[in-house]
Amino acid sequence: MANIRLFEKVSHVDSYVKFRPTYPAELYHRILSFLNKKKPPPHGTAVDVGCGSGQSTHGIAPSFQRVIGFDISKAQIEAASKANTTSNVEFKVSPADSLPVEAGSVDLVTCAQAVHWLDFKSFCEESRRILRPRGCLAVYGYGVPWLDHQKPAIKKLLAKDFDELYFDALGSYWNERRRHIENKYADFSLPFEESERDDSLEIRVEWSLAHFIGYLRSWSAYQLCLEKDPTKETLLPEYQKKVLTALGDPEASPNDTMLQIVSPIFLLLGRKPGDTA
């Protein structure tokens, strides 16, 4: 299975950086707890594969002497490097199956919201190669978001409008590998004897409707939709109007209208074998 290259246009990268959500601290605590169980600190090097613009890379940085983010997209790496102010973090262009990293030199490999774009078998083999004994691989992501609301009737309307956008209007534009996000990586398992899965976490944020529309604009399906049919640029303004109507005020300002956005997190953890000394 070949790697898929998306999110490489500069305008798309800018949108990705500005609007994509960040993971909660609890996720990194969970990963480090798994690592520390048999490989206690201090930790040397961590590698973040498919790092994009670096949102997830910085999440693990405080616990390691050195963190390297790798991505096949030059535009993503340039954006990550430009925004980087953390001294122990660096970013490099590289495919996931041939990382310029010495064998057995890494304590943790992470891959956030990207493994479904990779050749999974090759990525796992490369992770095994660079990990130290008892080093860990953490593969994670966030699923399809939904809009929460304290009133069930409004929540139901918001879900209906979102599903119409996601499945009906944009359904044919999603890459077939998007199904892995929709099923929360149910088809993936890490090739380590010691491995586990955690579905207990979530991303919960309060965004303005304007920010949420910016996030939707960063979707690969929406970008492809506009590429194929520029007249579809009305999709998001129409969806925005539906949200305001569902909330009871069609004339409200998208900048002042706040939404509760929830995305489920899925986490796969695996440990490379090694002596327990």
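1. Cys-111 is buried, with a relative accessible area of 0%. Cys-124 is buried as well, at 4%. This is a predicted model, and the points below should be read as such.

2. The structure holds 0 disulfides. Cys-111 is in none, and the nearest cysteine sulfur to its own is that of Cys-124, 9.2 Å away. Seen from Cys-124, the closest cysteine sulfur is the one in Cys-111, and 9.2 Å is too far for a bond.

3. Asp-107 is part of strand β4, which covers residues 106-112. Is Asp-107 buried or exposed? Asp-107 is buried: its relative accessible area is 3%, and the limit for buried is under 20%. The side chain of Asp-107 makes a polar contact with the side chain of Arg-132, at 3.2 Å. Leaving aside residues up to four places away in sequence, Asp-107 touches several others, among them Leu-35, Lys-39, His-43, Phe-64, Leu-131 and Cys-136.

4. A search of the whole structure gives 16 aromatic pairs. One of them is Tyr-23 with Tyr-140, an edge-to-face pair with 5.2 Å between the centres and 85° between the planes. Tyr-23 sits in the loop between α1 (10-19) and α2 (25-38), while Tyr-140 belongs to strand β5 (residues 131-142), so the pair ties together parts that are 117 residues apart in sequence. Both partners count as buried, Tyr-23 at 12% relative accessibility and Tyr-140 at 0%.

5. Tyr-166 and Trp-219 make another pair: their ring centres are 5.5 Å apart and their planes stand at 90°, so the pair is edge-to-face. Which parts of the chain does the pair link? Tyr-166 is in helix α6 (residues 152-169) and Trp-219 is in the loop between α8 (209-217) and α9 (220-228), 53 residues apart. Tyr-166 and Trp-219 are both buried.

6. Tyr-166 and Trp-219 also belong to one aromatic cluster, together with Phe-162, Phe-167, Trp-174, Trp-207, Phe-212, Tyr-215 and Tyr-239. Trp-174, a member of that cluster, has Arg-178 over its face, at 4.3 Å from the ring centre.

7. A charge over a ring is also found at Phe-34, where the charged end of Arg-271 sits 4.4 Å from the ring centre.

Notes: Residues numbered from 1 in each chain as written. Predicted model: local features only at pLDDT ≥ 70, side-chain atom pairs only at ≥ 80, totals over all residues. Heavy atoms only, no water. Disulfide = S-S within 2.5 Å. Buried < 20%, exposed > 50% of the residue type's maximum accessible area, 1.4 Å probe, protein only. Helix = DSSP H or I, 4+ residues; strand = E, 2+ residues; numbered from the N terminus. Polar contact = N/O pair within 3.5 Å; in protein donor to acceptor, adjacent residues only side chain to side chain. Contact = heavy atoms within 4.5 Å. Phe/Tyr/Trp six-rings, centres within 6.5 Å; stacked < 30°, edge-to-face > 60°. Lys NZ or Arg CZ within 6 Å of the ring centre and 35° of its normal.
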